[in-house]
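Q: I have a model open and would like to learn how to read its features. Could you walk me through it?

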Amino acid sequence: MATQGKKPGGGMTVAEAGRMGGKLVSEKYGAEFYEKIGKKGGSSTAERYGPEFFGKIGRKGGKAVSEKYGAGHFERIGRRGGQKVASLVERAKSLESPEQRPEEPDEGERPAPEVRPEQSIGA
């Protein structure tokens, strides 16, 4: 395995070369390239090792994170995520114009949600 130190003769480190190569690839192919190869790698790994493999490595990673940050870590980040979603929903509601916003129902009474064909699941 290559080391991270300087090469004899004063050349760049392996880390510098990797960073430079990654930057060039990113500039040439864009972010979509990384998304595409990531999906391809994930599909290949799933084919080779099966879906149980992802569960196994997920548990291993979760255990390591829990040991590093403590038992309440996932609870804290989950709460923060929920708060972020709630704030985004409130922001979206405040951006709606009054003409587009439906009238507020009386307490305890909620109208059925409107479902349009183009918004149905799987379409």
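Q: How are α3 and α4 oriented to each other, roughly parallel or roughly perpendicular?

A: Happy to start there. Two packed helices are described by the angle between their axes and the distance between the axes. In this predicted model, helix α3 (residues 51–69) packs against helix α4 (residues 73–95) at an angle of about 95 degrees, and the axes are 9 Å apart. Angles of 65 to 115 degrees count as roughly perpendicular, so α3 and α4 are roughly perpendicular to each other.

Q: Which residues of α3 and α4 make the contact?

A: From α3 come Gly62, Val65, Ser66 and Tyr69; from α4 come His73, Phe74 and Arg76.

Q: Why does the length of α2 agree with what a helix should span?

A: At 1.5 Å a residue, the 19 residues of helix α2 (residues 31–49) should span 27 Å. The end C-alpha atoms of α2 are 27 Å apart, so the two values agree. Just after α2, Gly50 takes a positive phi of about 85 degrees.

Q: And the whole chain: how many helices and strands does the protein have?

A: There are 4 helices and 0 strands, running α-α-α-α from the N terminus on.

Q: What share of the residues counts as buried?

A: Buried means under 20% relative accessible area, and 3% of the 123 residues count as buried. The protein exposes about 11,400 Å², of which carbon and sulfur atoms supply 57%.

Notes: Residues numbered from 1 in each chain as written. Predicted model: local features only at pLDDT ≥ 70, side-chain atom pairs only at ≥ 80, totals over all residues. Heavy atoms only, no water. Axes fitted to C-alpha atoms, helices over the stretch in contact; angles between N-to-C directions. Helix = DSSP H or I, 4+ residues; strand = E, 2+ residues; numbered from the N terminus. Parallel < 35°, antiparallel > 145°, perpendicular 65-115°, else oblique. Contact = heavy atoms within 4.5 Å. Buried < 20%, exposed > 50% of the residue type's maximum accessible area, 1.4 Å probe, protein only. Areas by Shrake-Rupley, 256 points an atom, 1.4 Å probe, with all protein chains shown as cover. Expected span 1.5 Å × (residues − 1).
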